[in-house]
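Colleague: Please walk me through this one. I am new to it.

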Amino acid sequence: MTPHEEANRRRWDELAPLHFRSAFYDVDGFKAGKSTLHSLEIEEVGDVTGKTLLHLQCHFGLDTLSWARRGARVVGVDASSEAIELARSLAGEVGLPAGFLCARVQDLPALPELTPGGFDVVFTSYGVLCWLPDLRPWARTIVHFLKPDGIFYIVESHPFTDVFADAAGETDLRLAYPYFPGPAPLTEEVPGSYADRTAVVANRTSHVWIHSLGEVVTVLTEAGLRPEFLHEHTCTVFQRFPWMKQEPTAGGACRNRSVRRYRCCFRCVRAGNDRPAGEPAMGFQDNLKKYRVAKECSQADAALAAACPLGPTPTGSAASVSRRWRRCGNSPRPSA
Ligand SMILES: C[S@@+](CC[C@H](N)C(=O)[O-])C[C@H]1O[C@@H](n2cnc3c(N)ncnc32)[C@H](O)[C@@H]1O
């Protein structure tokens, strides 16, 4: 582990118990039966009943255990031992079967605990990529543990939003950071945390690595995954910027969605799984041509767009609320 990663791990060890007690994570609500998953990931990952699910960077396991409640056989992995201890005790308290392992994502394939090719679903979400210095070992881990017909699903803050200043006191979008990575991580002193901006935190130094959307897609496809869809959204699930306002939730499943909303999600399968015998492997561009827009947006997103004080987003514009891509023969994608 590099000194930068070591400093981050110390911060996560301190944040885990603080987050566990925070209103943001609402552990009491979870214990009372609430799911911490949003309708988006539930819908897009699909039915997990009886499936094996590996959750990377699971923090203290709320989402992992929410998948267990939906019938998945789950293993959560996180580099913070404090987070994993909390996850294990929470699983015991609510009586859900789940395995939790303290490890860095990039070290997992070398560890004996998990079976290679043993998972139907590899899942990771919200606030994970910036902690990884290099995405290639991460992608190799995903492919290593996926079954041949398994799926990898990620929902993450849109990297485009990371170019804007997000410190307390910011009043609107202000360009502050590069979109493309430089040779070193971005190092900042961060008071508090996203879950509690006023919390007193001793380990304030945070090192984050920039990963552009193109890098994420390229690394995953080079590792052997084939994209099924890449949806970009104008919403997020927490107060990403201090000036964001909370919207009423739609469909009851989304927490703390905000006026200006950003996130993107990406689901892939292993390359070649749906290729008829004899058909050559396709490049990413070819793969994209096999998809077309099937629906402009889900009902939940349409309801949110209509309720948005900024006014509904016109469909078909560059700022569409949501794009969904489904398999549709070899038809080229129609122009928007
Ligand atoms: C923002 S949290 C994930 C939040 C999660 N989506 C949730 O809401 O519970 C990021 C997590 O990544 C973990 N992490 C950071 N680097 C890691 C690595 N290399 N391998 C495994 N976990 C890592 C941290 O310990 C932390 O728990």
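Modeller: Start with a term: two residues are in contact if their C-beta atoms, placed from the backbone, lie within 7 Å. In the protein chain, 73% of the contacts with a separation of 6 or more join residues 24 or more positions apart. This is a predicted model, where local features need pLDDT of at least 70 and side-chain atom pairs count only at pLDDT 80 or more, while totals for chains, interfaces and linings use all residues. Residues are numbered from 1 along each chain as its sequence is written.

Colleague: What makes β4 and β5 a pair?

Modeller: Two strands pair if DSSP finds at least two bridges between them. Strands are DSSP runs of E, at least two residues; helices are runs of H or I, at least four; both are numbered from the N terminus. Six bridges join β4 (residues 119-125) to β5 (residues 146-156), so the two strands pair, and they run parallel. Valine 122 has phenylalanine 152 in β5 as its bridge partner.

Colleague: Why is the β-α-β crossover called right-handed?

Modeller: With the strands pointing away from the viewer, the path from the first strand over the helix to the second runs clockwise. Here the chain goes from β4 through helix α6 (residues 135-145) to β5.

Colleague: What is isoleucine 142 in contact with, beyond its neighbours within four places in sequence?

Modeller: Val122, Phe152 and Ala223.
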